[in-house]
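Please examine the sequence and the structure before reading on.

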Amino acid sequence: MVGSVYSREVGDDNNITFWRDVWVEKSSLKDKYPRPFLLFEQHDAMLKDMGLWEEGVWQWSLSERRHFFIWEEWDIRDSLEGDINAIAPIEGKCDGWRWEVENLGLYMANSSYCVIHKFIVDSIANEFEIA
């Protein structure tokens, strides 16, 4: 429940680690891609240090420990690169959190109450199979 009500907003701040923080989908890149994690050098790098701005467009720049085997390249290109290319930092914006329950992404106590209430009601309904 908790992971579905908020998401990470990626700016060009220094608050998100590339591999260890959850900023792509609902798990860290280290957990989702354990093999590629071992193949790259920047294990503790901040997200902002994993690329650079070129003419206002973010370009990822990951440093591998060695040349990849063909099958590793496919895995990295098709999955890891697809995930990170789907989200680019926003230049000049701070890293932050988005409250997905509200259209504006701002936390509201009322919507928090509604989420908790729905979770409790659903839990009770599932427990007693009331639907």
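In which loop is the place of tryptophan 23? In this predicted model, tryptophan 23 lies in the loop between strand 1 (6–9) and helix 1 (29–32).

**Tryptophan 23 and the core**

The largest nonpolar core contains 20 residues, and those that touch the most other members are Phe18, Trp19, Trp23, Leu29, Trp60 and Leu80. Two or more residues are given to this core by each of helix 2 (34–39), strand 3 (57–60) and helix 3 (70–85). Helix 3 supplies the largest share, three residues. In general, nonpolar side chains tend to be buried together in soluble globular proteins.

Leaving aside residues up to four places away in sequence, tryptophan 23 touches Arg8, Val10, Ile16, Thr17, Phe18, Leu29, Leu47, Trp60, Ile84 and Ile87.

**A patch on the surface**

Ile116, Phe119, Ile120, Ile124 and Phe128 form a nonpolar patch on the surface, and together they have about 490 Å² of accessible area. Phenylalanine 128 is located in helix 4 (residues 109–128).

| Residue | Relative accessible area | State |
|---|---|---|
| Tryptophan 23 | 3% | buried |
| Phenylalanine 128 | 57% | exposed |

Tryptophan 23 counts as buried because its relative accessible area of 3% is under 20%. Phenylalanine 128 counts as exposed because its value of 57% is over 50%.

Technical notes:
Residues numbered from 1 in each chain as written. Predicted model: local features only at pLDDT ≥ 70, side-chain atom pairs only at ≥ 80, totals over all residues. Heavy atoms only, no water. Core = buried A, V, L, I, M, F, W, Y, C linked by side-chain atoms within 4.5 Å. Buried < 20%, exposed > 50% of the residue type's maximum accessible area, 1.4 Å probe, protein only. Helix = DSSP H or I, 4+ residues; strand = E, 2+ residues; numbered from the N terminus. Contact = heavy atoms within 4.5 Å. Patch = residues over 30% accessible without salt bridge, like charges linked within 9 Å, V, L, I, M, F, W, Y side chains within 5 Å. Areas by Shrake-Rupley, 256 points an atom, 1.4 Å probe, with all protein chains shown as cover. Salt bridge = Lys/Arg side-chain N within 4 Å of Asp/Glu carboxyl O.
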